[in-house]
Amino acid sequence: MVGGIPKKQWGVLQFGTVYATDDKLTESYDRNSTEVGRAQGLYVNSALDGSDLHLVMSLVFTSGEFNGSTLEIQGADRFYLKYREVSVVSGTGKFRLARGYIVLETVFIDIKNSNAIIRCNVTVYHH
C-alpha cells in the first residue's frame, strides 16, 4: 500500500487505496517456477463498495524469447471473480503496438495479507 483516503482505513477492500507492485512473472503459477520478468505498476481500489481494482501495469520481460520486451495492460480487475479480462493497450520490443486482452485467473488469494497468485492467459495481436 502506498496511499489512500486521508483519515480512512487503507486496505485492498477500501475505496481509494493505492498499491504499487513489482511482482515476479513466472513460467507457471508455481511461485518457484522460472522467473521470466516483472509485473510493475499500480492497483487502485476504484469501487465505492470496495469490490473492484483498476490496474495499470507493465509486464517487463527479462529473460527468454521476449527478453527486453514489455506488454502494457490496464483495466478493471474485479478480484472477487475467478476470471476477468483486462486490455493489452500497447507494448515494446517484440510486442510493439500490441493490442489484445489478458484473462486473469485467481489461483490463490489472501486478502488479509494482500497476497495473490494470478494466472495470465494472453491473447495479443501485433504488427
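Biologist: Which residues lie nearest the centre of the largest pocket?
Modeller: They are Asp23, Tyr43, Ala116, Ile117 and Ile118, out of 42 lining residues. This is a predicted model, in which local features need pLDDT of at least 70, side-chain atom pairs count only at pLDDT 80 or more, and totals for chains, interfaces and linings use all residues. Residues are numbered from 1 along each chain as its sequence is written, and side-chain values use heavy atoms, leaving out hydrogens and water.

Biologist: What makes a residue a lining residue?
Modeller: It has an atom within 4 Å of a pocket point; a pocket is an open set of points on a 1 Å grid over the protein atoms alone, where a 1.4 Å probe fits, with protein on both sides within 12 Å along at least five of seven lines.

Biologist: Which element gives the most to that lining?
Modeller: Strand β7, with 8 residues. Strands are DSSP runs (E, at least two residues), numbered from the N terminus. β1, β2, β3, β4 and β6 also give two or more residues to the lining.

Biologist: Cys120 is found in β7. Why is Cys120 called partly exposed?
Modeller: Its relative accessibility is 38%. Buried means under 20% relative accessible area and exposed means over 50%, with partly exposed in between (1.4 Å probe, protein chains only). So Cys120 falls in the middle class.

Biologist: What does Cys120 touch?
Modeller: Ile102, Val103 and Leu104, leaving aside neighbours within four places in sequence. Contact means heavy atoms within 4.5 Å.

Biologist: Now take Val88, in strand β5 (residues 83–92). Why is Val88 called buried?
Modeller: Val88 has a relative accessible area of 3%. That is under the cut-off, so Val88 counts as buried.

Biologist: Which residues does Val88 touch?
Modeller: Among them are Leu71, Ile73, Ile102 and Val124, not counting residues up to four places away in sequence. Ala116 lies 28 residues along the chain from Val88, and their C-alpha atoms are separated by 21 Å.

Biologist: How many residues does the largest nonpolar core have?
Modeller: It has 20, and those with the most contacts inside it include Leu59, Leu71, Ile73 and Ile102. Such a core is a set of buried Ala, Val, Leu, Ile, Met, Phe, Trp, Tyr and Cys residues joined through side-chain atoms within 4.5 Å.

Biologist: Which element gives the most to this core?
Modeller: β3, with 5 residues. β5 is one of the elements that give two or more.

Biologist: And what is Leu59 in contact with?
Modeller: Leu25, Arg38, Leu71, Ile73 and Ile102 are among its contacts, leaving aside neighbours within four places in sequence.

Note on methods
Helices (H or I, at least four residues) and strands (E, at least two) are DSSP runs, numbered from the N terminus.
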